[in-house]
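Welcome! Look at the sequence and structure, then try each task before reading its solution.

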Amino acid sequence: MPLQVIIVGAGLAGLASGIALRKQGHIVNIYEKSKFTTEIGAAISLSPNANRVLAGLGWDIKRVNVASHHATKSFLSDAQEGGPAMVNGTNCQDVYEHPMCMAHRADIHKELARLATDMDGIGPPCTIHLGSGVIHCDVAKGSVTLSDQSVVRGDLVIGADGINSFMREHVLGQKIDPQPSGLGAYRVVIPFEEIANNPELSYISDDPDTVVFVRGKEITKYIVFYPCRGRELLNIVAVHQDKRRGTVSDLSNISAPSTMEAFLDSFSDYAPRYLELVKLSKKVVLWPLLIWDELPTWTNGRTCILGDAAHAMFPILGQGISMGLEDVAALGALFPPDTPSDFETISSRLRLWESIRKPRVTKIQSISNRMGRGLPGITVSGELETEIYGYDAEREARMALEASQSSGEPTVENSPRTQLDVPPQLLASL
């Protein structure tokens, strides 16, 4: 019999979870409190480990209109002329069999929604319930109470409701807040034609398929930008000291409006050619960057949390969405079509899933959060690049399931390669 799966949240991680589990033949219902009347978010980078998962889910990359990526260039903030101070680049398609690319969140969301609900897809289509907020979850029974007071029961409940997760507190049995870092990030999307028509910005338009970092004199300050939507748009993220004051609760709104003037003021020490780009900003959003430490657990009974609900991280490595997609691939592999629906099986599979995922994700979360702790950022290159980009989450989960079924002990020791290999000198500074 197929499992009855409840997913809370129809963002990228929630839809991807639905696809992975429908492909295993399970019945999936996704509950989303919003009605998705507007586009969601800006652009994100999709590294090879993310694209490996998406390919496994059956997505058509051509439908998403991604922008390719062949290098990362680093400029100095006071350099008015000249090329980058450093260039890093790997042909990811050749090395890892999947590309590095940039995409708009709304385009990814549209494709994942298609895959989740397509009548011609593998397994029964997911049912998405919009305007259906969850107000309570019984993690042991696998039930959720909706905003209309109706109760829905399932065999497996997945909290994929993002950084401001409602499900997190139910799984943990306590409320855990992040720590303020004192940093914020301006986010802007600009039509690329405005870049191409401005000779002051030729350092962007002459080689558009790159990620550009403009590093400030302080280690906690930088502007990064890259194209998305097939070069129709340029996505900008600018990290800086957030002058606002308040508690974490005061700064929890991740989409607070700001202004181009405030953006310019925060980066007034940058060379004019970079400020010329800032001046094109029309709709500016300011996000507080909060530090989420490792949570005690991601699972409880029949229920789990994944993606940003379980392990939100600083954007410096561009691995937030990738780790969420890896969570999804591993979860799908651990719940094949013949999975029994009894409590012990479901809860033990979830514990096995956490034992596979948590060590790896926690290391990447710790590296990503270095900037929030006032430590220098780490470049994804060499052994670290191979460990991150070359990872196959679905394969690792299948191997772990086979090992646990042979031994009867779903523990981290039975799970192959659960640890991320990071040089000891780096781990010592985390």
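**Exercise 1.** Is Lys-282 buried or exposed?

*Solution.* Start with the ground rules. This is a predicted model, in which local features need pLDDT of at least 70, side-chain atom pairs count only at pLDDT 80 or more, and totals for chains, interfaces and linings use all residues. Residues are numbered from 1 along each chain as its sequence is written, and side-chain values use heavy atoms, with hydrogens and water left out.

Next, recall the cut-offs: buried means under 20% relative accessible area, exposed means over 50%, and partly exposed lies in between (1.4 Å probe, protein chains only). Lys-282 has a relative accessible area of 68%, so this residue is exposed.

**Exercise 2.** Which residue forms a salt bridge with Lys-282?

*Solution.* First, the idea: side chains of opposite charge can pair when their charged atoms come close. The rule for a salt bridge asks for a side-chain nitrogen of Lys or Arg within 4 Å of a carboxyl oxygen of Asp or Glu. The partner of Lys-282 is Glu-194, with the closest N and O atoms 3.4 Å apart. The two residues are 88 residues apart and link distant parts of the chain: Lys-282 sits in the loop between α10 (272–278) and β18 (284–291), and Glu-194 in helix α7 (residues 192–196). Helices (H or I, at least four residues) and strands (E, at least two) are DSSP runs, numbered from the N terminus. Finally, Glu-194 is partly exposed, because its relative accessible area is 23%.

**Exercise 3.** How many salt bridges does the rule give?

*Solution.* The count comes to 18. One of them joins the side chains of Lys-175 and Asp-177, at 3.5 Å from N to O. Lys-175 counts as exposed at 57% relative accessibility, and Asp-177 as partly exposed at 40%.

**Exercise 4.** Where do Arg-357 and Asp-327 lie?

*Solution.* Begin with the contact: their side chains form a salt bridge, 2.8 Å from N to O. Arg-357 is in helix α13 (residues 343–368) and Asp-327 in helix α12 (residues 320–334), so the pair ties together parts 30 residues apart in sequence. Arg-357 is buried at 0% relative accessible area, and Asp-327 is buried at 0% too. Then look around the pair: a network of salt bridges links Glu-326, Asp-327, Arg-357 and Arg-360.

**Exercise 5.** Why is α13 largely enclosed by the rest of the structure?

*Solution.* Count its buried residues: 21 of the 26 residues of α13 are buried, so the rest of the structure largely encloses this helix.
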